[in-house]
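Reader: I would like to learn how to read a few local features. Please show me the structure.

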Amino acid sequence: MKNLILTTIFLVLIAYSFGQEAKVTTDKEEYKFDEIIELTFELNAKFDSIDIPDLQDFKIISGPNKSSSVSIQNGVTTESETRTFRLRPIESGRLKINSPIFYKDGKEIQGKSIQI
């Protein structure tokens, strides 16, 4: 019984430490040239700091706006933090947005970049 409890605790700790997922999302995939883009950087964990990528192809209309959430479901706590920007592209065409680097407990966490 003692081994079962220790194994369960160990598995929960592993899942917690490796379960962070960084996401880069926009409110849609295709835009007209003058449309405002809502860009969100999210990590499904509370992070220590964030290194925002260069957004040189865009004019920042507003942001970064910070939000965080905590939910508890069936005894499992899930935390999430986001940074949201409202942007307008400077040029037309396909534009790449890189993921920021999130820092949590001395580790770097980075997601995939997106193209719009």
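Reader: Does Asn74 count as buried or exposed, and at what relative accessibility?

Author: Asn74 counts as exposed, at 78% relative accessibility. Buried means under 20% relative accessible area, exposed over 50%, partly exposed in between (1.4 Å probe, protein chains only). A caution on sources: this is a predicted model, where local features need pLDDT of at least 70, side-chain atom pairs count only at pLDDT 80 or more, and totals for chains, interfaces and linings use all residues. Residues are numbered from 1 along each chain as its sequence is written, and side-chain values use heavy atoms, with hydrogens and water left out.

Reader: What is the phi of Asn74?

Author: Most residues other than glycine have a negative phi. Asn74 is not a glycine, yet its phi is positive, about 55°. Asp105 also has a positive phi, about 50°. Asp105 is exposed, at 60% relative accessibility.

Reader: Which residues does a cis peptide bond join?

Author: Most peptide bonds are trans. Here a cis bond joins Gly63 and Pro64, with omega about 5°.

Reader: How many aromatic pairs does a search of the whole structure find?

Author: A pair of aromatic rings is described by the distance of the centres and the angle of the planes. Rings of Phe, Tyr and Trp (its six-membered ring) pair if their centres lie within 6.5 Å; planes under 30 degrees apart count as stacked, over 60 as edge-to-face and the rest as tilted. The search finds 2 pairs. The ring centres of Phe41 and Phe85 are 5.9 Å apart and the planes lie at 70°, so this pair is edge-to-face. Phe41 is buried, at 0% relative accessible area.
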